[in-house]
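User: I would like to learn how to read a salt bridge and its surroundings in a model. Could you take me through one slowly?

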Amino acid sequence: MWVKLWYNNVKRGGVNIGKYRGEFENNLRLLMAKHEIDNITQLAKELEISRRPLAKLWDKEDIDTIKLESMAAICDYFSIKLSELIEY
């Protein structure tokens, strides 16, 4: 079921994980600390993306829809796989 949910939402440009919110962890804070990035505003500028998806990950709240392109930009920047950013 998870794969089907993921695939259907990726086709629409976002990942809806509201039902599974409590089952996910993300490593954004750890990655930022390792790369000596002080805040999400600085990271957003370097990634050239909106601050909003980073804030959703940082706050670990309201992560119902984060566009896959935003997740990919974060992963590319840190040279990691998506599974290293989001843990299920």
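**A salt bridge and its surroundings**

Analyst: Lys60 forms a salt bridge with Glu25, the closest N and O atoms being 3.6 Å apart. This is a predicted model, in which local features need pLDDT of at least 70 and side-chain atom pairs count only at pLDDT 80 or more, while totals for chains, interfaces and linings use all residues. Residues are numbered from 1 along each chain as its sequence is written, and side-chain values use heavy atoms, with hydrogens and water left out.

User: What counts as a salt bridge, and how many are there by this rule?

Analyst: A salt bridge is a side-chain nitrogen of Lys or Arg within 4 Å of a carboxyl oxygen of Asp or Glu. By this rule the count comes to 1 salt bridge. Lys60 lies in the loop between helix 4 and strand 3 (65–66), and Glu25 lies in strand 2 (residues 25–26), so the pair ties together parts that are 35 residues apart in sequence. Helices (H or I, at least four residues) and strands (E, at least two) are DSSP runs, numbered from the N terminus.

User: What can be said about helix 4, which precedes Lys60?

Analyst: Helix 4 covers residues 51–59, and its buried residues are Pro53, Leu54, Ala55, Lys56 and Leu57. At the start of helix 4, a side-chain oxygen of Ser50 reaches to within 3.1 Å of the backbone nitrogen of Arg52, whereas after the helix comes Lys60, whose phi is positive, near 55°.

User: Which residues have the most contacts inside the largest nonpolar core?

Analyst: A nonpolar core is a set of buried Ala, Val, Leu, Ile, Met, Phe, Trp, Tyr and Cys residues joined through side-chain atoms within 4.5 Å. The largest one has 20 residues, and those with the most contacts inside it are Leu28, Leu43, Leu54, Leu57, Ile74, Phe78 and Leu85. Helix 2 (28–34), helix 3 (40–47), helix 4 and helix 5 (68–78) each supply at least two residues of this core.

User: What does Leu85 touch?

Analyst: Contact means heavy atoms within 4.5 Å. Not counting residues up to four places away in sequence, Leu85 touches several residues, among them Glu25, Leu28, Leu57 and Ile74.

Key:
Buried means under 20% relative accessible area, exposed over 50%, partly exposed in between (1.4 Å probe, protein chains only). A polar contact is a pair of N or O atoms within 3.5 Å; within protein, one must be able to donate a hydrogen and the other to accept it, and residues adjacent in sequence count only if both atoms are side-chain atoms.
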